[in-house]
Amino acid sequence: MKLSYFILIFALFIAVFASCSTDVDLYADYKDVPIIYAMLDSRADTNYVKITRAFCGTNDNPINANEVALIYDSSNYPEKLDVRFIELKSTYGNKYEPTGRVLILDTLTIHDKEEGVFYSPDQVVYYTSEHLKVGTGDGKYSYRLLAVKPDGDTITAKTTMVGNEEFSIETGGMNFQLAPTDAVGKLFFRADGAASLYDVKIEFNYREQKAGQEMQMKKISRSFGTKTINEYAHLIENTYYLEYSLNWLFNTLGNAIGGDTVMDANHPNVVRYMDDFVISISAGGDDLNYYYLANQGQINSPISLVTTYTNIEGGYGLFSSRTTIKRTVTLTSSCKRDLFSVSAWGFKEQ
């Protein structure tokens, strides 16, 4: 792990050129600098790694970053690299040892990238469809990335997998009120031992059909934002919670529905059916947390020199783990009564 200062990198996930000058003047001769980004997910069918290289100019030959970013060859290696995951498992004392399992990554070209700052529509990624393990307790799994460049130099990184069986949503039901109130409800979850960054989201799904039209799927949602585990209220052991307004559902539905209401109970111009209410929580590993905090510090810092976190040895970027869990929960009977009592909205339960 290290904090590194640099002037220009090719970043897959974060592009900050819009607020900066596009004429980049570098103070060193060109050096082949690999840029790697990967978010491993044990619940995913396929895991991807994006490997590119930095592009730059010289004091005598400055470049326009926006122009060079659109050139495929400026960011990609001319040949396929040897890229693999080495699996490790922890033992007593949290010491990780290789299991002997090695996953060789192949390349895949994505052909539908939309136009943007970087080249399109084709993007080359490395991938594996092999299952990545998580484990728990003294038997946690981690993966070491090993990539060999054409010149023989190696790039390495390591991350512990997020998504063990302890990570769960403990709340089974949600309550909301139609009448104005300052009261709050609590949403409980059990943290993942290998994660330190969380994003909680709630989502109410419903169907809507206007007179003479096809049924449409609708939803309203709220994300509580990306937070470190220390920003959540702690209950007991590894159980945490956050608070939500009991008025959220009805206030947000009112804004979403607007004037599309039932005009005549016998001849409605709209009818709606209540579907699922879903809680989802995304959890990220320590390295993703450090990366997030470093970028937040950069956004809030008046210092002009770019500071970013990287855990890539021999390059820049991020190799970490994340996962998302979901739970469909029930709404309380009083909440449903309130929802069906707003006759102008035309909600029915099916």
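Q: What makes a residue count as buried or exposed in this predicted model?
A: Buried means under 20% relative accessible area, and exposed means over 50%. The model is predicted.

Q: Why is Ser280 called buried?
A: Its relative accessibility is 12%. The cut-off for buried is under 20%. Therefore Ser280 counts as buried.

Q: Where is Ser280 found, and which residues is Ser280 in contact with, leaving aside its neighbours within four places in sequence?
A: Ser280 is found in strand E19. With those neighbours left aside, its contacts are Ile169, Asp199, Val200, Lys201, Thr324, Ile325 and Lys326. Contact here means heavy atoms within 4.5 Å.

Q: How do you know that H3 is roughly parallel to H5?
A: The two helices pack at an angle of about 25°. Angles under 35 degrees count as roughly parallel. So H3 is roughly parallel to H5. Their axes are 11 Å apart, and the crossing is right-handed.

Q: Which residues make the contact of H3 with H5?
A: H3 gives Leu249, Phe250 and Leu253. H5 gives Cys335, Asp338 and Leu339.

Q: What classes of residue does the contact of H3 with H5 have?
A: Five are nonpolar, one is charged and none is polar. Asp counts as charged, whereas Leu, Phe and Cys count as nonpolar. Therefore Asp338 of H5 is the charged one.

Q: Which residues of H3 are buried?
A: They are Trp248, Leu249, Phe250, Leu253 and Ile257. Just after H3, Gly258 takes a positive phi of about 60°.

Q: What makes a set of residues a nonpolar core?
A: The residues must be buried, come from a list of nonpolar types such as Leu, Phe and Tyr, and be joined through side-chain atoms within 4.5 Å. The largest such core here has 41 residues. Those with the most contacts inside it are Met174, Phe176, Tyr198, Phe204, Leu249 and Leu253.

Q: Which elements give two or more residues to this core?
A: Among them are strands E14, E15, E16 and E19, and helices H3 and H5. E15 gives the largest share, six residues.

Q: How many residues are in the second, separate core?
A: That core has 23 residues, including Tyr77, Leu81, Tyr126 and Ala147.

Q: How many helices and strands does the chain have, and what share of the chain is buried?
A: The chain has five helices and 22 strands. Buried residues make up 44% of its 350 residues.

Notes:
Residues are numbered from 1 along each chain as its sequence is written. This is a predicted model: local features need pLDDT of at least 70, side-chain atom pairs count only at pLDDT 80 or more; totals for chains, interfaces and linings use all residues. Side-chain values use heavy atoms; hydrogens and water are left out. Buried means under 20% relative accessible area, exposed over 50%, partly exposed in between (1.4 Å probe, protein chains only). Axes are lines fitted to C-alpha atoms, for helices over the stretch in contact, and angles run from 0 to 180 degrees between N-to-C directions. Angles under 35 degrees count as roughly parallel, over 145 as roughly antiparallel, 65 to 115 as roughly perpendicular and the rest as oblique. A crossing is left-handed if the near helix is turned anticlockwise from the far one by less than a right angle, and right-handed if clockwise.
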